[in-house]
Amino acid sequence: MIAKWALRLGALGYLAFLLLVPVGLVFYRTFEHGFHPAWAAVTNPQALHALWLTLLIAAIAVPLNTLFGVTLAIALVRHRFPGRGLVNAIVDLPLALSPVVVGLSLYLLYGTGGWLSGFADHGIKILFALPGMVLATIFVSLPFVVREVVPVLREIGTDQEQAAETLGAAPFTVFRRITLPAIRWAVCYGVVLTTARAIGEFGAVSIVSGRIEGKTETLPLYVQSQFEGFNTTGAFAASVILALIAASTVVAMRFFRPKEEA
Amino acid sequence: MGITVVDVTKRFGDFVALEDVSVAIPEGSLTALLGPSGSGKSTLLRVIAGLEDPDRGQVLLGDADVTHRPARARGVGMVFQHYAAFKHMTVSENVAFGLKVRKRPRAEIAGRVHELLELVQLEGLAKRYPAQLSGGQRQRMALARALAVDPEVLLLDEPFGALDARVRKELRAWLRRLHDEVHVTTIIVTHDQEEAMEVAGQIVVLNRGRVEQVGTPRELYESPANEFVMSFVGPVNRIGDSFVRPRDLTLRLEPDADTREAMVERVVHLGFEVRVELVREDGQHLLAQLTQEEAEALELERGLIVYVRPSRETVFTS
C-alpha cells in the first residue's frame, strides 16, 4: 500500500518537477503584469507574422505527410517490393536524427554548390524561404502518420478488403469504403502528432530559414529571438501560445485514443 | 456456372501450394475441397476467386477463361473463415455493399437486402453492427452479402471453422438446404472429412498441392484411391499391408482359423455406436466400431480377450 503510494507520488513528482513547474512558470511570468502587456506582445506585426507562418507551414506539411504516410503505410504492409525493409528503417530516421542535422543537410543540398542548388539559379528560392522551411518541417514530422497507421493496417488484415474486392469493388473504392474507415482513428492520431511536431519544430527550420525577422521567422524562432533580445514578455507570451497549441494537441490525442482501442 | 481448373501450379517462394491441379466442378453442384492444412485447398479456392494469380494453368468459369480477370469482375461470392465482416457497417449495409458498388437503384437494393436477410434468418438484426452478432450470425450475414450480387459461383473458405461444434452442425444442415433452394455452384473448403461428407455432393481430396481423388462421399469411403484418401476420409486400422475400417472389424468370443487374439483396452459408448479400442498380442492397437446391440451381445469390458477378423480389407499396390 505504502509502496504503491510512494510510486504514484514519485511519478507525479517527477512529472511536476520536470514538466508542469517549468511550463507553469512560463504562464506565470507571461501574465505577471496583467493580461495587456502579454496581449500586446503577441499581437505586434512580427509576432502575428510568425504565428501565421507557423500555421501556414503546418497547413502545407501536415496534409502532404498525411497523404504520403497513408500511402507508404499501405505499401509497407500490403505489398512486397525490393528494398521494403530499408524503406521501413529509413522512415524512422527523422525520429532518430537531430533536427539540426536535418537542417544542415538541406542547407548543403540546396545551398551554394549543393547538388540541387540549380533551383536558386533559376530564381526559385528554397533556402531562407518558405519552400525550405516546409521541406525541413516535412522531413522532421514524416514518421508519425506511417507509424500510427502501420500497426492498425496489420491488425485489420486483408480479409475485409478481399471480401469487398470479390463483391465487385475497384481498388480505390475498396480503399475509400473499407480501408480508410478502418484506419481513420490511427490517421487522426497521426495527424495530431504530425501537427504538434510541425508547429513546434525549431532546429531544422532555424537553419534553413535564415531567421529573417518578419519574413522567415516561425513562432518558435520568434520566441528564441525575443528571448535573445531581452524581450522576455514577448518570448513568454509567444511560448504560452505554443504551449496552448500543445495542450489542445494533447486533448485531441485523448479524444482520439479511446475510440481506437474500443 | 461450372468451374474448370486446368493444370494450375502456384508457388509461394519455395513452397509448392498447388502442382498441376486440374478439377472440374459441375454446374449447380456443391463440391468440397478436402485436405489437411497446407494441402493447397484454400489456395485453389483463392485462385478460382481471383485473389491469387496462378503461376501456370487456367481457370474457366463456364466457357470463359478468367485466369487473368481480377476478382471483382469474376462474379464470385466469397465467404471467409473469419467472416471478413465490414465492421463499420451495419448488417444491412454489409449485405448491400456489392449492390451499392454496382450502383443499383436504392429501392432495388433495399428490397434485395430484405429478401436476403430473410433467407439467412437475420431480419430482426438489420441495424446491428457485426460486433453485436454471434459467430454464427456473422457468418450468415457474410453469406447473405456474398449472395446479394447473384454470384455465378459461391466460394466458402472454411466457413464454419471458427464456430463451436453445435453451431457448426446447425449451419452445415442449413447450408445444405440453402443450396437446394438457390442452386448456385458452390465450393466449400474444409479440413473436416465429416463436414465434407455431410454437406457436399462431390469431394476433391487434396494433399501436398495435388489432387488425390475426386468422387462422391460414398465413393471416397467405399473405394478410396490410395492410402492417403483411405486414412483421411475416416478412421482406419493398418494390418500388415492392408487397411481395414473399424466398422469392418468383426469381434468374436471364440477363435477360428482366420482370427487373431486381442484384448479390450477401452470401450467408448457414443449412443448407438460403440467404439472399442483393442491391443493385439504383438502390441498393435486396433479400433473397432460396433452397434450397441453387438457390443452388448459380446458383453465387452476392459481386459476381455476377443478374437478379431477383418470382414473387408483394402490393399493398395503402389
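## Ground rules

Two residues are in contact here if their C-beta atoms, placed from the backbone, lie within 7 Å. This is a predicted model, where local features need pLDDT of at least 70 and side-chain atom pairs count only at pLDDT 80 or more, while totals for chains, interfaces and linings use all residues. Residues are numbered from 1 along each chain as its sequence is written, with chains lettered from A and ligands numbered from 1 in the order in which they are written.

## Chain A overall

Chain A has 14 helices and 0 strands; these are DSSP runs numbered from the N terminus (helices: H or I, at least four residues; strands: E, at least two). Its C-alpha atoms fill a box of roughly 70 × 65 × 30 Å along the principal axes.

Of chain A's 262 residues, 38% count as buried, meaning that 20 or more other C-beta atoms lie within 10 Å of the residue's own, with C-beta atoms placed from the backbone. If you take the contacts in chain A between residues at least 6 apart in sequence, 75% join residues at least 24 apart.

## H3 against H8 in chain A

The axes of H3(A) (residues 45-78) and H8(A) (residues 130-140) come within 9 Å and cross at roughly 45°. That makes the pair oblique, the label for whatever is not roughly parallel (under 35 degrees), roughly antiparallel (over 145) or roughly perpendicular (65 to 115). Axes are lines fitted to C-alpha atoms, for helices over the stretch in contact, and angles run from 0 to 180 degrees between N-to-C directions.

Who does the touching? H3(A) brings Ile57(A), Ile60(A), Ala61(A), Leu64(A) and Asn65(A), and H8(A) answers with Met133(A), Val134(A), Thr137(A) and Ile138(A). By class, that's 7 nonpolar, 2 polar and no charged residues (nonpolar: Ala, Val, Leu, Ile, Met, Phe, Trp, Tyr, Cys and Pro; charged: Asp, Glu, Lys and Arg; polar: the others, Gly among them).

H2(B) (residues 91-101) is mostly covered, with 8 of its 11 residues buried. Val95(B), Ala96(B) and Phe97(B) are among them. The cover comes from both chains: it includes H10 (159-166) of chain A, plus H3 (106-119) and H4 (135-148) of chain B. Just after H2(B), Lys103(B) takes a positive phi of about 55°.

Across the interface, 17 residues of chain B are in contact with 15 residues of chain A. On the chain B side, strand S6 (76-79) and H2 each supply at least two residues. That side divides into 11 nonpolar, 4 polar and 2 charged.

Methods: A residue is buried if 20 or more other C-beta atoms lie within 10 Å of its own, exposed if 12 or fewer, and partly exposed in between; C-beta atoms are placed from the backbone.
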